[in-house]
Amino acid sequence: MTAPATTYEVMAATIARELRDRELWFLGMSTGPETILLLTRLPIVAMELAQRTHAPNSWMLVAGWIMNPVVGKAPNRMESEFGNALGEWPCEGYNNSLTMSYIAARHEIDVGFGSAAQVDKYGNCNTVAIGPYERPKVRLVGPINQPGHFSLFGREIVIMPHEKRNFVDRVDFISGAGYLDGPGGRESVGLQRGGPCMILTDKAVFRFDEQTRLAMLASIHPGITLDDVVANTGFTHDYIPPEVEVTAGPSAEEVELIRTVVDPDGVMLPR
Amino acid sequence: MSMEPDIKLRSLSEAAALIKDGSRVHFGGMAVHNHPMAFVRELLRQGTKDLTVVSHVSANDVDMLIGAGRVRRLEFSYVGLEEFGTAPCFRRAVESGQLELSEYSEPVAFERFACSARGMPFFPTREMVGTDLPRVNPDIREVSDPFGSGTYHAVSAAEPEWVVIHAPMADKYGNVLFFPNRQLPEDLDLTASRTTRNLIITVEQIVPHERVRELPYLNLIPRFRPTAVVEVPFGAHPCSCLHVYDQDREHLGHYAKVGREQQSFDEYLETYVYGVKDHDAYLNRIGDAKLTRLRHVGGGLQ
């Protein structure tokens, strides 16, 4: 009898279901151990899970350069985007040099993964500064590749630790353009495609309403209460629909796949 | 050779003295890899100040210079320590309004160097559309496509006055050898090496010129480019030198912690920069046992 899915496995299955066959997926750099777990290690497991269940023709660019690595043979816990050990990770190919950014510039990437210190009700993200830009309360690492994730990619999966201060009505700085000021916001600046498709947290899933473009609670992970979600969500708009679903976790077969094939040694996800 | 070419080999202090106060400098490497750290420490010892740093993805290299008050302006996309979080001195300086910033998305920051290498003054891009970067960065301008496809952001070429790169090997004439299976930090360095002849290369090892003749396909910075080459083993420590040694995670974690307060950061500088007279003394302070452990097994210099 397989033990029930962990929260990370629920999250991995949620991401995997969002990924389709014949797509190009891009995963980049992150900062801080919690973010490396959520934004790097978790999507890596999800991508291989998707490739093994329904997306054999998809292609993953891990850390932007390691193509289709064998996740279970990862040499480390992805402490850095580069390094000697990563250069020995069994994989299908390397994509170094500036060609990496050119693939994105040509709009060839279908899905990216992002996180931020703040995400707002329209899915705008902030990795630059909390407070006024010129004299911030907290200066963050910088925009890095987030602008392109939201302007050049087909869609962005935003992954956040579920804390009240991370969910705001309006980000202090837009480094990743969500739906900007709401309906028509992206179109008004010439962004014809792309943008966030979901916010995934360790408690719940938000998706964006097609009319209002507002983030709406789509499902709550098994074992988490609505009160818990509300207590940890800083949004002030009405984001709770009449019926809130429970996030469909992985099937028993998928759990087995994660634990025995994708990440057998638990290098990527804590057990 | 009957007429010998110029010998570019210099000491670390001679090479660092080439960079004058107020210079516009790019330090090679990316994230926590391949930064010319020994050179940075020597610049700190020499008192070089008022720098404009033009960068893309920086870490403790630029963070130390900022913490010591040597940077006036920073053009960049990221200053951070990856798993060890925000770059502490960068954060402190920006929060107290002491640093002039010009920031871009990462591929745009990379492309500024490619643009310089192509000899072009600017390039168009649409990837920062919708963000607040153009609002806060007056260097991101608007330009329209003369062929009619609409408006773009125009971004200027990096145009560094000086580029400093840490590489595995060079000969005394300035031919620089790279390993064949390069990662992005190394490829970005190669791009940066083509942006100016004011190029300083620090290397793990000076090799005989014959080695270059045996491996001409690895000579990716030919000797007409560098102004100076300097031999500094473990010259990227505590960052990695890809293929040769790993980043010193213990040291970087320590740095991230002590960097948070100016006083403990100043003590760090005293211990590892001002209080050691040169790079050899620095390596002695780090210790052979540690350095041996960092060596990349199966890689390294043959």
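In β13(A), I199(A) finds its bridge partner in F206(A). This is a predicted model, in which local features need pLDDT of at least 70, side-chain atom pairs count only at pLDDT 80 or more, and totals for chains, interfaces and linings use all residues. Residues are numbered from 1 along each chain as its sequence is written, while chains are lettered from A and ligands numbered from 1 in the order in which they are written.

Strand β12 (residues 196-201) of chain A is joined to β13(A) by three bridges, and the two run antiparallel; strands here are DSSP E runs of at least two residues, helices are H or I runs of at least four, and both are numbered from the N terminus. Two strands count as paired if DSSP finds at least two bridges between them. With two residues between them, β12(A) and β13(A) make a hairpin. On to β14 (residues 215-220) of chain A: five bridges pair this strand with β13(A), again in the antiparallel sense, and R207(A) has M216(A) as its bridge partner. This hairpin has six residues between its strands, and R213(A) in the turn has a positive phi of about 65°. Four of the five residues of β13(A) (204-208) are buried, so the strand is largely enclosed by the rest of the structure; buried means that 20 or more other C-beta atoms, placed from the backbone, lie within 10 Å of the residue's own.

Over in chain B, an open sheet of three strands runs in the order β7-β9-β8, with antiparallel pairing. β7(B) (122-125) and β8(B) (141-144) sit at the edges with a single partner strand each, so one side of each has no neighbour in the sheet. Four bridges link β8(B) to β9(B) (residues 151-156), and E142(B) stands opposite H153(B).

Chain B also has a helix pair. α3(B) (residues 60-67) packs on α4(B) at an angle of about 45°, with the axes 7 Å apart; axes are lines fitted to C-alpha atoms over the stretch in contact, and angles run from 0 to 180 degrees between N-to-C directions. D63(B), M64(B), I66(B) and G67(B) of α3(B) meet P88(B), C89(B), F90(B) and A93(B) of α4(B), where contact means C-beta atoms, placed from the backbone, within 7 Å.

Finally, the contact between the chains takes 48 residues from chain B and 44 residues from chain A. On the chain B side, α5(B) supplies the largest share, five residues.

Notes
Contact = placed C-beta atoms within 7 Å. Buried ≥ 20, exposed ≤ 12 C-beta atoms within 10 Å, placed from the backbone.
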